[in-house]
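Hi,

Here is the structure I promised to pass on.

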Amino acid sequence: MCAIFGFVNYRRSLSRSEMKELINRLSVESEVRGKDATGIAYVKHGELKVFKRAKPAHKVKLYVPEDTVILTGHTRMTTQGDARYICNNHPFTGKTADGSFALCHNGVLYNDSQLAKSERLPKSKIETDSYVAAQLIEKYGRLDFKTIAKMSEAVEGSFVFTILSDKNKLFIAKGDNPLCLIHYKQLGLYVYTSTEDIMKNVLKGSFLEKLPFEVIKVTEGEIISIDKRGRFEKSSFIPNEFCYGCNYYGYRKPAYDDEDELFDICGMFGVSQEDLMLLYDMGYTDEEIEGMLCDRSMLRECIEEARVLVGEYY
């Protein structure tokens, strides 16, 4: 459910063609976790630039200047906020005393409405749950380890946040959602994706495939930063206890205390209670149904198969 991707080209070692290839591979391979929208952010001449479209990555032409040092990107699978309205798609922008920033989120937040009320956040036409993270940082007034930790401890749900400042500094805050980060030391290049499988597909057959790299482990509750010179720093936050009840896909682990809970989650993906009961009748478990939510084509196929079999039975 959604994917984040990007790179830090701190030695500016990539050629124009290599950068174009890397951006294309990162975005297209990340489609496996979201095809509703695609967006990127980067810094050009000290100004933060954001480009996003309500299209899958393979239908979007992504270009950045040859001297781009850091890029952060997102492919979206909609859970809240209609993707047809560009404002609902990632990256989301914000401003603090330090300057402007762009935030991407992989996961689902459940207390965005509550935070908006309790923190008295300004009303916005943006309907996406992720936007509350950008609003909280804006309210805290700065972009640094302390405010990112405070925001990460305030939200409830599953997440990995990537935040790019207009000073060309990237922050990554890891909750319980997956992250794969690798470092090509000889090139001066960091590359990150949501999962190892996506990273493997990005590298396969690419100009990076045969070059040695180091896997950088980032664990739940850690925040890292990488600046335009490649300086790597690390901090931490205390994960909200709510996160420990979430599984790999960002939803609460079964068994469910309330049967309506899974109904509500599936409803976010357009799955009716009737279709959910059909899947149960076919013998699918809660875990298997949750897995289907990350692959809409498989979900549709399983529901159609269930409808056909039930129709034949009756």
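How many nonpolar, polar and charged residues are there in the lining of the second largest pocket? Sorted by class, that lining has six nonpolar, five polar and four charged residues. Before you read on, please keep in mind that this is a predicted model, so everything below is computed from it.

More on that pocket. The second largest pocket has a volume of about 240 Å³. It is lined by 15 residues, and those closest to its centre are Ala-116, Pro-122, Ser-124, Ile-126 and Gln-135. Two helices each supply at least two residues of the lining: H2, residues 112-118, and H3, residues 131-140.

Eight of its ten residues are buried, which leaves H3 mostly covered. The buried ones are Tyr-131, Val-132, Ala-133, Ala-134, Gln-135, Leu-136, Ile-137 and Tyr-140. As for what covers the buried residues of H3, the elements include strands S5, S6 (99-109) and S7 (157-165), along with helices H2 and H4 (145-154).

Now the aromatic rings. Searching the whole structure turns up seven aromatic pairs. One of the pairs is Phe-92 with Tyr-131: the ring centres are 5.7 Å apart and the planes sit at 55°, so this pair is tilted. Phe-92 belongs to strand S5 (residues 92-96) and Tyr-131 to helix H3, so the pair ties together parts that are 39 residues apart in sequence. Are these two residues buried or exposed? Phe-92 has a relative accessibility of 1%, so it counts as buried. Tyr-131 is buried as well, because its relative accessible area is 13%, under the 20% cut-off. Elsewhere, Tyr-10, Tyr-190 and Phe-232 form one aromatic cluster.

Asp-144 lies in the loop between H3 and H4. At 25% relative accessibility, Asp-144 counts as partly exposed. Asp-144 and Ser-225 are 81 residues apart in sequence, yet their C-alpha atoms are 9.2 Å apart in space.

The structure holds one cavity of 30 Å³ or more, and the largest cavity has a volume of about 60 Å³. Eleven residues line the largest cavity, with Cys-2, Thr-79, His-90, Gly-107 and Ser-130 nearest its centre. By class, this lining has three nonpolar, six polar and two charged residues.

Finally, the overall picture. The protein has nine helices and 13 strands. Of its 314 residues, 55% are buried. If you take the contacts between residues at least 6 apart in sequence, 66% of them join residues at least 24 apart. The protein exposes about 14800 Å², and carbon and sulfur atoms supply 48% of that area.

Cheers

Notes:
Residues are numbered from 1 along each chain as its sequence is written. This is a predicted model: local features need pLDDT of at least 70, side-chain atom pairs count only at pLDDT 80 or more; totals for chains, interfaces and linings use all residues. Side-chain values use heavy atoms; hydrogens and water are left out. Helices (H or I, at least four residues) and strands (E, at least two) are DSSP runs, numbered from the N terminus. Buried means under 20% relative accessible area, exposed over 50%, partly exposed in between (1.4 Å probe, protein chains only). Contact means heavy atoms within 4.5 Å. Accessible areas come from the Shrake-Rupley method with a 1.4 Å probe; for residues, only the protein chains shown count as cover. On a 1 Å grid over the protein atoms alone, a cavity is a set of points where a 1.4 Å probe fits but cannot get out, and a pocket is an open set with protein on both sides within 12 Å along at least five of seven lines; lining residues have an atom within 4 Å of a point. Grid points are joined across faces, edges and corners, and a volume is the space filled by probe spheres set on the points. Ala, Val, Leu, Ile, Met, Phe, Trp, Tyr, Cys and Pro count as nonpolar, Asp, Glu, Lys and Arg as charged, and the others, Gly among them, as polar. Rings of Phe, Tyr and Trp (its six-membered ring) pair if their centres lie within 6.5 Å; planes under 30 degrees apart count as stacked, over 60 as edge-to-face and the rest as tilted.
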